[in-house]
Amino acid sequence: MKSQFVKSRYEANEAVQFNVLSDNQCEEIFHSAMEVLRRTGSKVYDPDSRDLLKKGGAFVDGEVVKFPSALIEWAVRTAPSRVVLCDRNGKAKLFLEGKNVYFGPGPSNNFVLDPFTGERREPTTEDTVRAAKCCDYLPNIDYAMDMGTVRNVNLTLSDVYSFEALLTNTTKPIVHWGFDIPQYQDILEMCIAVAGSLEELQKNPFIAMYSEPLPPLRHSREAIAKAVFVAEKGLPLIYTPCTMAGATTPATMAGTIVLQVAESLVGLVAAQLKREGTPFIMGGLISIMDMSSTILSYGAPELALLSAGMSNVAQYMKIPVFSTGGCTDAKTLDAQAAIQGAMSILMAAQSGASLVHDCGYIEYGSTSSTEMLVMDDEIIGMVKRIMRGVEVNDETLAVDVIDSVGPGGHFLRTQHTRNYFKKETWYPSLIDRKVYEGWRAEGNKTMGARIKEKTQMIINEHNPEKLPEATLNSIKAIIQRAEQREAAQV
Amino acid sequence: MSILDEIAQGVIEGEATKVADLTKKALDTGVPPLDIINNGLVLGMGKVGEMFKTGEMFLPEVIFSGDALYAGVGLVKPLLTDGSMPSKGTAVIGTIKGDLHDIGKNLVGMMLESSGFTVVNLGADVSPESFVQAAKDNNADIIGCSAMLTTTMILMPDVIKLLESEGLRNKVKVMIGGAPLSPEYAAKIGADSYAPDSTTAVEVANELV
């Protein structure tokens with residue numbers, strides 16, 4: 001029976017989250033990352049960024065930059081503890097704060113698995129349109145990414161063309177990347193064409209831009225310059241190293257998280273020095289090198305564990321995090337894909353990772369699959385139900401209802417059941433829970449067959465909200481200018 | 001929307017009070033009682049059945065729709081001359097002797113009732129003798145026999161044998177259901193039909209009468 005008095009567990013028992021690391025362990029990892037940057041430092045290949053860091057108080061010796069801990073702690077304090085991302089219409093959608101979790105696909109795969117032909121081939125802009133449509137349609141996919149570097153266009157503008165495909169085919173927030181500053185400028189102009197002005201875009205950003213350093217402890221000219229560019233424009237920035245335990249970081253989990261955090265901190269300090277208060281999201285992909293095949297695993301249990309640990313440290317630092325889930329090393333949409341996708345999604349949700357990416361990745365990230373994305377959407381639905389936890393109060397304890405039904409009765413006819421069964425229960429759109437005969441009647445379809453049907457239906461039938469004609473023309477003109485610029489350079 | 005459409009809509013929404021009020025209003029304004037039943041109440045319930053099958057409605061909603069249906073039927077029924085109240089037939093249902101599992105059997109009962117059958121629910125732990133006696137007493141068209149256990153389903157043939165020895169086998173159809181059962185088992189023991197779930201049970205019953 002319920003206690004007469006309020007107990008602590010009645011105030012705070014809705015959490016299904018877990019922590020991989022205690023606050024003390026998070027502090028040790030954060031301190032170790034600062035010590036790495038103080039003692040070893042990082043190579044920063046962009047002279048402008050080095051100047052910026054030097055003016056901020058870092059020690060520069062050639063290309064190596066070493067960071068006083070006070071500078072890092074200042075940057076951590078200066079970055080906001082929450083970042084809000086909006087949809088294309090400026091409506092706030094993603095609140096990256098606390099232990100909120102949002103899911104989306106990933107970028108820049110070398111191949112796509114065609115959901116119609118089953119062929120593994122190079123991506124085209126049509127594939128980005130398909131990816132955008134799927135992201136737009138699927139209720140548990142919260143933002144869009146390109147799911148492949150397109151090959152049917154001028155290759156130095158692949159990033160610009162795929163951004164156009166995303167921007168014109170979904171209203172959901174977009175996380176994107178670019179080769180270098182000129183392309184970032186193109187992408188920014190397209191965003192301004194939609195938002196109306198840079199200030200409107202800053203107020204209600206529908207884009208977060210990311211770049212990647214090169215672990216261990218190297219920051220390429222473009223990577224750090226792009227981060228500083230995004231900071232200068234006052235837009236949300238993701239700085240996301242991609243680390244492989246045993247190869248580009250130590251083989252130990254703790255050492256890998258230390259280096260992962262250290263890599264992000266360099267981007268954080270540069271961004272905050274450029275513009276204090278830049279919305280910053282630390283990353284990113286953290287897993288192991290498989291010492292047998294030499295791949296960077298996208299489905300290893302360590303990916304889920306390391307990501308959860310990194311998320312805990314980010315929460316300790318009060319900085320939103322770019323994490324990973326819903327991906328696999330499998331080459332096709334098979335049982336392995338389902339196992340690896342489900343486990344990493346559940347772990348990411350329970351660890352409170354803010355922005356989970358790489359749903360829809362197969363073949364250790366080399367290939368993207370809209371079918372995998374559709375399956376992940378269903379998995380996320382299940383996981384979101386688990387994350388809602390068990391609500392405990394007089395009404396949900398239902399002692400009066402139990403009494404009124406009595407031994408041997410049933411609850412199907414009670415108003416209580418009518419009020420709660422939908423709210424308390426998740427219903428699938430792809431998972432089969434029919435009786436055997438019902439399943440037979442619909443043609444004995446496997447999960448894979450149902451996923452394929454749904455994916456094809458979305459691509460064939462979903463019509464995302466269109467941009468106004470004038471905006472579309474502005475976007476086309478921006479691409480034309482970009483083409484002229486690239487042609488002039490050859 | 002005509003008042004009959006509103007009644008049908010009330011049944012779909014599972015709003016018993018609303019359906020009762022509308023039914024009274026329809027009767028007061030001179031709508032023929034049989035019209036209210038066929039083109040309002042039963043029409044609405046038919047749509048509920050379709051929507052349950054396609055996954056647009058869920059079980060508790062169907063049950064509330066059934067209750068709303070009967071809130072209307074209860075008001076109209078006394079006004080009909082004897083025998084004109086439409087009923088698809090009478091089904092005697094129960095869980096077989098030794099077995100207390102009854103949630104599935106109760107579901108079948110509610111669904112049969114909602115679709116227009118008269119249902120006599122004997123409860124759980126029902127002996128073959130009680131099934132047959134109740135069928136006689138209620139002039140039943142169907143016996144619906146449920147079992148959850150392989151140890152209790154083996155009593156089902158006794159119901160059929162007893163019907164035969166009483167000379168009732170031609171008059172009373174037997175349908176069976178429950179987790180360990182199958183169409184093959186139904187054929188083996190000489191039952192008329194098997195249903196895997198409550199929706200199918202209604203379809204099967206419709207075919208049997």
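Modeller: In chain B, α1(B) passes α3(B) in a right-handed crossing (a crossing is right-handed if the near helix is turned clockwise from the far one by less than a right angle, left-handed if anticlockwise). Helices here are DSSP runs of H or I, at least four residues, numbered from the N terminus. Bear in mind that this is a predicted model: local features need pLDDT of at least 70, side-chain atom pairs count only at pLDDT 80 or more, and totals for chains, interfaces and linings use all residues. Residues are numbered from 1 along each chain as its sequence is written, with chains lettered from A and ligands numbered from 1 in the order in which they are written.

Biologist: At what angle do α1 and α3 of chain B pack, and how far apart are their axes?
Modeller: About 35 degrees, with the axes 8 Å apart, for α1 (residues 3-13) and α3 (residues 33-53) of chain B. Axes are lines fitted to C-alpha atoms over the stretch in contact, and angles run from 0 to 180 degrees between N-to-C directions.

Biologist: Which residues make the contact?
Modeller: Among them are B:Leu4, B:Ile7 and B:Val11 of α1(B), and B:Ile36, B:Leu43 and B:Val48 of α3(B). Contact means C-beta atoms, placed from the backbone, within 7 Å.

Biologist: New topic: how many residues of chain A are in contact with chain B?
Modeller: 10 residues of chain A, against 10 of chain B. On chain A's side, α16(A) gives the largest share, 4 residues.

Biologist: And which domains does chain A have?
Modeller: Domain 1 (75-387) and domain 2 (394-424), with bounds from an automatic or database domain assignment. Their C-alpha centres lie 43 Å apart.

Conventions:
Two residues are in contact if their C-beta atoms, placed from the backbone, lie within 7 Å. Helices (H or I, at least four residues) and strands (E, at least two) are DSSP runs, numbered from the N terminus.
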